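Please open the model in your viewer and keep the sequence panel in view. The tour goes from stop to stop, saying what to select and what is there.

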Amino acid sequence: MYIEKQFNLKDLKGFSEKQINEHLKLYAGYVKNTNSLMEKLDKMRADKEADAYIIAELKRRIGFEFSGMRLHEYYFDDLSGTGLISDGDLKKDIAMQYGTFENWLTDFKSTAMLRGTGWAILTYDQENKRFFNTWVNSHELGHLAGTKILLALDVWEHAFLIDYTPGQRKDYIESFFSCLNWSNIEKRYK
């Protein structure tokens, strides 16, 4: 059973209390739905007469709900700081791959501005020591298998629509980075 995590999300520049509270309710729904699906699957697996089609659909749905839960945990966990930190191994290693840290940041923000809704995610392939800025459409679609998630930026409209219009996504992204807890991302990297 998964437990809804609590986050310290007070006085975030660019985010209203209403926006954060509504977004946290959505996260709570992912936790609840993940638990509900797992419970249903456990019961159905124990039933030798269970409809295989229904089991298959529940298994497909668990990817969406579970990934939605986890991505929101990354997002909210990282939304509790004072912005980007100017040093550290992660920044240095990103700069080695992208030429400069600013090149990476520009690329990540461009990824977050892609048309549509989804997630901009920084992942790290530990095997080949490579960073990827990826676009994930629907929580479970677009992850690079075996890579470690370091940073997840929710760019579904529910993440910002109370405080920003769809045309102000860029402003939302800037607000996200101004509240980023980079030390959490650095810890994931280590």
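## First stop: two loops

Select K129, which is placed in the loop between β1 (119–125) and β2 (130–136). Strands here (E, at least two residues) and helices (H or I, at least four) are DSSP runs, numbered from the N terminus.

A note before going on: this is a predicted model, in which local features need pLDDT of at least 70 and side-chain atom pairs count only at pLDDT 80 or more, while totals for chains, interfaces and linings use all residues. Residues are numbered from 1 along each chain as its sequence is written, and side-chain values use heavy atoms, with hydrogens and water left out.

Most residues other than glycine have a negative phi. K129 is not a glycine, yet its phi is positive, about 55°. Is K129 buried or exposed? K129 is exposed, with a relative accessible area of 60%. The terms are set as follows: buried means under 20% relative accessible area, exposed over 50%, and partly exposed in between, with a 1.4 Å probe and protein chains only.

Now select H139, in the loop between β2 and β3 (148–154). H139 also is not a glycine and has a positive phi, of about 60°. H139 counts as buried, at 0% relative accessibility.

## Second stop: strand β2

Select T134 in strand β2. T134 counts as buried, its relative accessibility being 10%. Which residues does T134 touch, leaving aside those up to four places away in sequence? They are T111, W119, A120, I121, T123, G142 and L144, where contact means heavy atoms within 4.5 Å. Show the C-alpha atoms of T134 and W119: 8.1 Å separates them, and the two residues are 15 residues apart along the chain.

R130 lies over the face of F132, 5.6 Å from the ring centre. A charge sits over a ring if NZ of Lys or CZ of Arg is within 6 Å of the ring centre and within 35 degrees of the ring normal.

Colour the aromatic side chains. How many aromatic pairs does the structure hold? There are 20. Rings of Phe, Tyr and Trp (its six-membered ring) pair if their centres lie within 6.5 Å; planes under 30 degrees apart count as stacked, over 60 as edge-to-face and the rest as tilted.

Select Y2 and F66, an edge-to-face pair with 5.5 Å from centre to centre and 75° between the planes. Y2 lies in the segment before α1 (17–46) and F66 in helix α2 (residues 52–78), so this pair ties together parts that are 64 residues apart in sequence. Both residues are partly exposed: Y2 has a relative accessible area of 28%, and F66 has 25%.

Next select W104 and F108. Their ring centres are 5.4 Å apart and their planes are at 35°, so the pair is tilted. Both residues lie in helix α4 (residues 101–112), 4 residues apart, about one turn of the helix. W104 is buried at 0% relative accessible area, and F108 is buried at 0% too.

Show α4 with helix α5 (residues 169–178). Their axes come within 10 Å and cross at roughly 130°. Axes are lines fitted to C-alpha atoms, for helices over the stretch in contact, and angles run from 0 to 180 degrees between N-to-C directions. The two helices α4 and α5 are therefore oblique to each other; angles under 35 degrees count as roughly parallel, over 145 as roughly antiparallel, 65 to 115 as roughly perpendicular and the rest as oblique. On the α4 side the contact is made by W104, L105, F108, K109 and A112, and on the α5 side by R169, I173, E174 and F177.

Finally, show α2 with helix α6 (residues 182–189). The axes of α2 and α6 come within 8 Å and cross at roughly 130°, and these helices are therefore oblique to each other. Select Y74, D77 and D78 of α2 with N184, I185 and R188 of α6 to see the contact.
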